[in-house]
Amino acid sequence: MIDQRKSYECKYTHVRRCLIALTFTALTLSLAGCVHQPNQTTLYERMGGETTIDAVVENLLYRIADDPEVVVFFANTNIDLFAESLASQLCDVSDGPCNYEGPPMDRAHQHMGLTDVHFNRLVEHLDAAMQEEGIALGARNELLGRLAPMYADVMRLQ
Ligand code: HEM
């Protein structure tokens with residue numbers, strides 16, 4: 001009788017240990033899932049998607065219009081087409097559901113007489129526009145980091 005009870009206790013303790021081990025494993029796996037969550041969202045999503053990108057482009061246009069050193073370059077530009085093209089490029093670059101189909105950056109900016117001052121000014125305006133539209137610092141820096149390599153292309157045919 002006593003032996004039988006011991007055997008039950010032994011089995012019960014074993015089942016309990018198994019359950020605790022299973023619960024611990026499930027918890028660890030779900031926590032690991034949480035830790036990897038940020039990698040599953042695209043930069044486009046973290047920036048707020050199409051609505052925020054459109055708002056950023058519009059915000060940028062106002063800043064360009066208010067900056068005499070930059071606005072001169074846009075004197076003969078169709079602003080609606082420029083806005084549409086830039087929005088599609090920002091969407092594409094941030095891994096959103098768009099394909100930028102405009103001209104390559106060297107041809108789009110050829111013979112404008114752009115200098116580093118103009119380039120930096122435009123980047124500053126873009127960053128300020130993103131900030132004002134509520135894009136977090138990490139996402140802003142990531143987007144600017146993806147645009148930075150375009151410097152060489154924009155400047156190639158000046
Ligand atoms: C990383 C930097 C830059 C990026 C990503 C960029 C992006 C673009 C894009 C996507 C277009 C539209 C191309 C098209 O569809 O025709 C464009 C056009 C234009 N960009 Fe930039 N741009 C940059 C730097 C600059 C700078 C520094 C300036 C002058 C301050 C500038 C002035 C212009 C102008 C005036 C146009 C319109 C050209 C036209 O009327 O055909 N861009 N840019």
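Is the crossing of α3 and α5 left-handed or right-handed? The crossing is right-handed, a label given when the near helix is turned clockwise from the far one by less than a right angle, anticlockwise being left-handed. The model is predicted; local features need pLDDT of at least 70, side-chain atom pairs count only at pLDDT 80 or more, and totals for chains, interfaces and linings use all residues. Residues are numbered from 1 along each chain as its sequence is written.

The protein chain holds nine helices and zero strands. Helices (H or I, at least four residues) and strands (E, at least two) are DSSP runs, numbered from the N terminus. Of the 158 residues, 14% are buried, that is, with 20 or more other C-beta atoms, placed from the backbone, within 10 Å of their own.

Helix α3 (residues 49–65) packs against α5 at about 135°, with the axes 10 Å apart. Axes are lines fitted to C-alpha atoms over the stretch in contact, and angles run from 0 to 180 degrees between N-to-C directions. Contacts (C-beta atoms, placed from the backbone, within 7 Å) involve Ile-53, Val-57 and Leu-61 of α3, among others, and residues of α5 including Ala-83, Leu-86 and Leu-90.

Around the ligand lie 19 residues, each with its C-beta atom, placed from the backbone, within 6 Å. Thr-77, Ser-85, Gly-102, His-118 and Leu-122 come nearest. Helices α5 (79–93) and α7 (116–132) each give two or more residues to this shell. The largest share, four residues, comes from α5.

Key
Buried ≥ 20, exposed ≤ 12 C-beta atoms within 10 Å, placed from the backbone. Contact = placed C-beta atoms within 7 Å.
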